[in-house]
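Hi,

Here is the structure I promised to pass on.

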Amino acid sequence: MIIYVVKSGDTLSKISREFNVPVDKIVLNNGMPNPNQLVVGQSLVLVPMLGEVMASNSTPAGFVHTVAPGESMHGIAQRYGVTLASIIEANPQISLPTLIYPGTAVNIPDGSMQQNRVYSVLPGDSFYSIAKRYGTTLPRLIEANPQIPMPNMIYPGMEMIIPSPIARVSALNEAVAAQGSDKWGKFIVNGYCYPSISAGVLLECMPFLSYMSIFAYKATPTGDLIKLNDQTLINTVRARNIAPMLVLTNISPEGGFSSDIASTILNSAELSETLLNNVVGEMKAKKYHGLDLDFEYVYPRDREAYNQFLLKARAKMDANGFELTTALAPKYSDTQTGLLYEAHDYAFHGKVCDHVIIMTYEWGYQGGPPMAIAPLNNVKRVMDFAVTQIPPEKLLMGIPNYSYDWTLPYEKGTYAKVLTNTAAVSLAFNVGAAIEFDKVAASPYFNYRDSAGKEHIVWFEDARSIYAKMELVRNLGLAGVSYWTVNSSFMQNWTIIRELWNVTKVI
């Protein structure tokens, strides 16, 4: 796997030729809504074919070439030093060799392509044009011709060496190995999801999920539940060996997390018992796999009451064969102050629960000043603390699957517009913006002016930021990650997971 950053003048066809990845595979692996919309600074996940050959009993073992615009079978044969007849014979899957289209995979049969070839320079040739014509790179062509001391001065009739495509494949193998193409191990992936998820997006993400946390059941002050219409989604994910988790929250009917609802439940033995019995009944009836407790903005004075509620929940889950997970705010220390943090006892939750999700996002939040949503330096600081309180094999690190578009200058009381990560890249193309990358935050962003002349900044996630987060997960030995949410398409994220990890299915 290679993460490539688009440069000025790039096209998908050019990138396809350079890395031996069919155009349609680039489009698919990156979930590109429009293949013609490339943005300078955009990151693409490339999975080179590395000499793979299409399956065919009559196809010799050789090399795969991806057709570029304007190419013909005759030209491709010349490029690789094989006969037109041999290349047609090696590609019985192409019924009309005179009609090939960009992105087609053409098998190049064994032959002179496995050796360096001698080329006689023609009028108008340059090192660059020759490298481009024969599908190699300028540095590799110069390296293959040490007998030419001044590459910018070549003349017709001069002989030079064209390095074989096989050498190029070896170079790609080296690049892949350097970027960690080998699987990193077993990996747990949780995805928060609203029941309104579209069928297409659901199909995209399901192969890469261990758990689906369906959001959300709301606890009432009387211990009752405000329920979801979730049975169809539960049945669907179970059929794909994904464990459905019931998410229980202290969100009020009017919206927003309620400290008062949490306090009422947590400080009443009777109400907490009623609530947990109602939860267990719902989980049994609908065939949930476990419970995910997401109580936020709990009063600091209720920290111990929350811990005791957690023990009651654990006992209920054990008695009925369910798992227990909690979602906690991102803390740097156990003494961190603030309504969001103080009642979340990392060490206690780590002892009691099967998994603990750390919600490592929302540094840049919708109602706040613009910054990266999940800056890697801040995420790392939180997770470095978390592993001192909670066994790493229980920890799931949160990842945001959304972006924010802020109007500048930021004014308190204003709100950023929410976009998907895919929509952020499309917006950059539409406004003619180049994408930048903040190395400290390991996050992409871009600036633009709208039709009214107002300046904007957009922070989002891309392949580079996801890869950086995956490296942090591996380095800390965490169990996996948890996405908020999987309701929008983010295909290059799933491509990275597919290439790096073996996702664990728990049912």
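**What I found**

The protein has an accessible surface of about 21400 Å², and carbon and sulfur atoms account for 55% of that (Shrake-Rupley method, 1.4 Å probe; for residues, only the protein chains shown count as cover). Keep in mind that this is a predicted model: local features need pLDDT of at least 70, side-chain atom pairs count only at pLDDT 80 or more, and totals for chains, interfaces and linings use all residues. Residues are numbered from 1 along each chain as its sequence is written, and side-chain values use heavy atoms, with hydrogens and water left out.

On the overall build, the C-alpha trace spans about 95 × 55 × 40 Å along its principal axes. The protein holds 17 helices and 21 strands (DSSP runs: H or I of at least four residues for helices, E of at least two for strands). Of its 507 residues, 54% are buried (under 20% relative accessible area, 1.4 Å probe, protein chains only). Taking contacts between residues at least 6 apart in sequence, 71% link residues at least 24 apart (contact: heavy atoms within 4.5 Å).

Now the cysteines. The disulfide count is zero, with a disulfide being a pair of cysteine sulfur atoms within 2.5 Å. Cys 193 is in no disulfide, and its nearest cysteine sulfur belongs to Cys 205, 6.7 Å away. Cys 193 is buried, at a relative accessible area of 1%, and Cys 205 is buried with a value of 1%.

Cheers

Terms used. Buried < 20%, exposed > 50% of the residue type's maximum accessible area, 1.4 Å probe, protein only.
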